[in-house]
Amino acid sequence: MTESKVLSLNALSKRFGSVVANDAVSLDLHCGEVLALLGENGAGKTTLMNMLFGHYMPDGGSIDVASPDGEMQPLTLGHPQAALSAGIGMVHQHFTLAENLSALDNITLGSEPLFALRRDRAGARAKVQGIMDRTGLVAPLDTPVGKLSVGERQRVEILKALYRDARILVLDEPTAVLTPQEADTLFENIGAMTGDGLAVIFISHKLREVLAFSHRIAVLRHGTKVGEIATSDADERVIARMMVGEDTPVTQRDAMTPGAPVLTLSGINVRNPSGRDSLTDVNLTVHAHEILGIAGVSGNGQSALASVISGLRRPDSGSIHVDGDEILNPDPKTMIKAGVGRIPEDRHHDGIVGAMSVAENMVIERLDDPEVQTNGLMNRSAMAANAENLSQAYDVRGPGINARARLLSGGNIQKLILARVFEQGARLILANQPIRGLDMGAAAEVSRRLLEARAAGAGGLLISEDLDEILGLADRIMVIHDGQLTEVTSRNREDIGLKMAGEHT
Amino acid sequence: MIRIEPRTAPGRWMTLGVPVLSAVIALALAAIPLALAGADITVAYGEMVKGVFGSVFAFSEMLTRATPLMFTGLAAALAFRAKLWNIGAEGQLYLGAMAAVAIGAGAVDVPGIFLVPLIVILGAAAGAAGMAVPALLKTRFGADEVVTTLLLNFIILIFVQMMLEGALKDPMSLGWPQSAPVLDQGMLPQLMPRMRVHSGLILALVLAGIAQFMLARSVWGFRLRAVGENAAAARHAGIGVNRSLFGVAILSGGLAGLAGVSEVAGLKGYLTADLSPGFGYTGIVVAMLAGLSPVGVVISALFIASVFVGADSMSRAMGVSSYLADLVVSMSLLCVLIGGFVARYRITRTKTAEGVA
C-alpha cells in the first residue's frame, strides 16, 4: 500500500429541503487502499457517493482526483461523465446491465464511439482478458448476462468499471446478494486489484466483512463523519458505537420448548414458466414458541415461499395447514383470518399504500372488523384512536397519523407494519427480510418484537439473506436453494454457506 | 443545467391553486389565436362572459351543457381513481341513451312517476353493461382496458346508427335516422319555465355529492383508493382487487349511461347518432382538471361548459371560429398536466460552470 493520495473529498455538503444529508464531509483515499464507508441507513453514505459520481450537485465543498500522473486536480461537479473520465467507477447494488447482451458487450457498452462503423471487438476482448488475468475476476464473456449468476454479473459490473480505466472503484453493498463463499472470492479479487494500485471505497453495514477486508474505516452518522479508524485498531463494539452513538442492545434469545405446529407445508410445488423462483416439494413445520430461519441467496425461491404463505400465490400442489386447519383456498384474506401475520419483503411496494394515511394503513388488513367500520362506513374516530395507540406502542414516528404513509422513513414504515401484524394476535409471523435496509435501532426493535411474539406463543418464519440475522433469531435453520429446502443442524457459517451455494456435503 | 427533484410535500394551495391557475393560463393562451383571427381580445372575452352570465337564459344554457359533462366527468373520475382507464364513456353514453328511447318511446306506457325512474335505471344499467365487458376482459384475461373501451366506442356508435336505421327508427321521421321521441311523461322534469335546463342537473349534483362522501368515508371508497394507489399492497392486505375494479367499472359505466339518459330524456327527446359532441371524451378532461375529485368534477364541468357556451356566443358575435372553445379546453388540459408536474416536482437551475470553488 503506497501513500499517494488519489482522491480527496473536501467538506462536501448537501441539503434536501430542510434535511441535511451531508454536512461538510471530508475523506481522503490513497492508492491501493480499501476504505470501508459505514453508517446506518440514512446516514448519508449513498448521497456522498452520488456526489462523487456526479449524480448530485453538492451545495458546498469540492472534490480533487489524482490524474494518471499523480497530480491532484479538481473534479467538475454534477457531471457523471467527468467522474467517469477522471477514473471513478461505481458498482451499484442493483446492477445496470443489459440482460440480452453478452458480458463483453456489456463491458464495452458506453465506452465506444456512437457513430463508428466498425467495433474493435478483438482489441476489447484482449483488454478485458488482460484485466481478468491480472485481477482473477473471471466471467464468461460470450454468455448473455441474463444467464449469468448474480456473482458473475457483479464481476461483469466491476470489469466494466476497470475496462474504463477506473482507478477508484466504489462498491455499494457488494456482498448483499452473494453467498459467504462468493463474498470471500470477491474480497480476494479486490485484494488483487488493490495490489495493482486501485483504490476501493466499499459501502457496507456488515461489520464482519468490514473488519476482515478493509484497511481503514470511515463512519457516517446523521450526515457527518463521526470518525475514521484504521481497521487494525477497530473491533465490532467500537464501530457499532461509532455508528449509533451508543452501545447497541444485544438481542437476547431465551431457550424455549416448541409447542404445537402452527404452520405446516406439505409437498408444496410452485412452477414458474421462467424456471426461476419456483418451489419443489417443500415441507416445513413451524411450531409455537419457535422461529424457523430460512437462509439462502436471493432468487432461490424465497419469494415463491413467501407468496404461498401470504396467500398471494396458490401452489400447484401440496397442502397448507395453519394451526391444525387445512387452508383449502388460500388467498391473502383467508391467510390473515387464519392468523398469519405477514411482513412483506418490499415494504414500500407490498406493505403500505403510500398515498393513504398512516391511520388508514394501520387498519387496511381488517376492513371487515366491526370496530373499524359500521354499515360500510369507516369508523373514523376508532381508526384515529387505533392509530394513536399503535403509534405510541410501536414508536412509529412521523408527521402524524393523518399524514401520508410514504412520508415515513423506512424504519417507521416497518414499525407501522409490525404494529398491524402483531396487534392482530397472529399465530404465525411470516417475516421476509424484515431487517434489510433498516437502521440499527429499528432493526433491534424488529428482532425484539419477533422474539416477544415467539414468547407469547406465536411461531415465526424468518426469511433472510443475512446469515447473522438468522443465527441471531432462529431456533431452527433451513437453507433454500433452487426451490428446495434442506434442514441444517449445524450453526456453523461455513456449513450453511456451502448449502446456500447448493453443495451437498 | 436544469434539475428536476421531487417535492417533499405538495402544499394544500398547490392542489387547489394549480387547476385554477391552469385554467387562467389556458384562457390567456387562447388570446393568441383569437388575436391572429383579427378579433379585439377584450371585446371577445367580454362577449364570452356575456354568453355565460349575460342573462338567465345564457346561464341556464351553460348549466344544460354542463349536465352531461358532470356525468361523464364523474364516470372518468371514479374509474381513474382505481387506475381503471375507462376511455369508453362516449360509447356508454350512447348505450344509456339507446336504453332510454327503447324503453321510454312507447314500449311501456305507465305514469311518469314509474316511467322516469325506469328510464334512469335501465339507462344506467345499459351503460354499466357496456363497461362490464371490458372490465371482465381486463380482470379475467388482462386485456388493456384503454384499448377495449376506446374501440368499443366506435362499435357502439355504428351499432347506434344501425339501430336508428332499423329497430329504433321513428316511422314518422320522414326517413331521417332518428328514434321515436320519449313519451312526454317519461321526460325528466324541467327546472325553469321556458329554459332547457332539466332535472338531470340535480341528479348529477346529488350523485357527485354521494360519490365524494363514499370515496372519503366508506369502506368501498377505502378499497377503491387502496387499489388505485397501490394494487400490490391492496392485494397483499386481503382486498379483492379484481372485485373492486369490477365494481367501479359498473359504476363508471352507469354514470356515463346516465349522461345519455339525461341528454335524451332531459333535453333532446329523441336519439340521433350525433347526440353527443364528444361528451364522453370531454369528461376525461373534466375529471383530470378536477384532480379526480367528484365535487371538483362539478366545478370543472361548469368551467368547461362555460368555455364552450361562451365561445359559441363569442364566435357568433365576432364572426370567429367556435373551434376556439375546443382550443381552450385542450389547452387547459395541457396546462393542468404541466401544472400537476410542477406541483409534484421542483425544477431548479444549477450552475455547473463554477461548480468547482
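**Interface, a buried glutamate and an aromatic pair**

Student: How much area do chain A and chain B bury between them?
Tutor: This is a predicted model: local features need pLDDT of at least 70, side-chain atom pairs count only at pLDDT 80 or more, and totals for chains, interfaces and linings use all residues. Buried area is the accessible area (1.4 Å probe) that two parts lose on being put together, summed over both. Carbon and sulfur atoms carry 62% of it here, and the total is about 2,800 Å².

Student: How many residues does each chain bring to the contact?
Tutor: Residues are numbered from 1 along each chain as its sequence is written, chains are lettered from A and ligands numbered from 1 in the order written, and side-chain values use heavy atoms, without hydrogens and water. Contact means heavy atoms within 4.5 Å. By that rule chain A gives 38 residues and chain B gives 26 residues.

Student: Which residue of chain B forms a salt bridge with A:Asp368?
Tutor: A salt bridge needs a side-chain nitrogen of Lys or Arg within 4 Å of a carboxyl oxygen of Asp or Glu. The rule finds two across this interface. For A:Asp368 the closest N and O atoms are 3.1 Å apart, and the partner is B:Arg223.

Student: Which helix of chain A supplies the largest share of the side that touches chain B?
Tutor: Helices here are DSSP runs (H or I, at least four residues), and strands are E runs of at least two, numbered from the N terminus. Helix 10 (332-338), helix 11 (347-351), helix 12 (358-363) and strand 18 (377-378) each supply at least two residues. The largest share, four residues, comes from helix 11.

Student: Is B:Glu145 buried or exposed?
Tutor: B:Glu145 lies in helix 6 (residues 145-165) of chain B, and its contacts beyond four places in sequence include B:Trp85 and B:Leu150. Buried means under 20% relative accessible area, exposed over 50%, partly exposed in between (1.4 Å probe, protein chains only). Because its relative accessibility is 3%, B:Glu145 counts as buried.

Student: What is the geometry of the pair A:Phe187 and A:Phe213?
Tutor: Rings of Phe, Tyr and Trp (its six-membered ring) pair if their centres lie within 6.5 Å; planes under 30 degrees apart are stacked, over 60 edge-to-face, and the rest tilted. Four aromatic pairs are found over all chains. For A:Phe187 and A:Phe213, the centres are 4.0 Å apart with 5° between the planes, so the pair is stacked.
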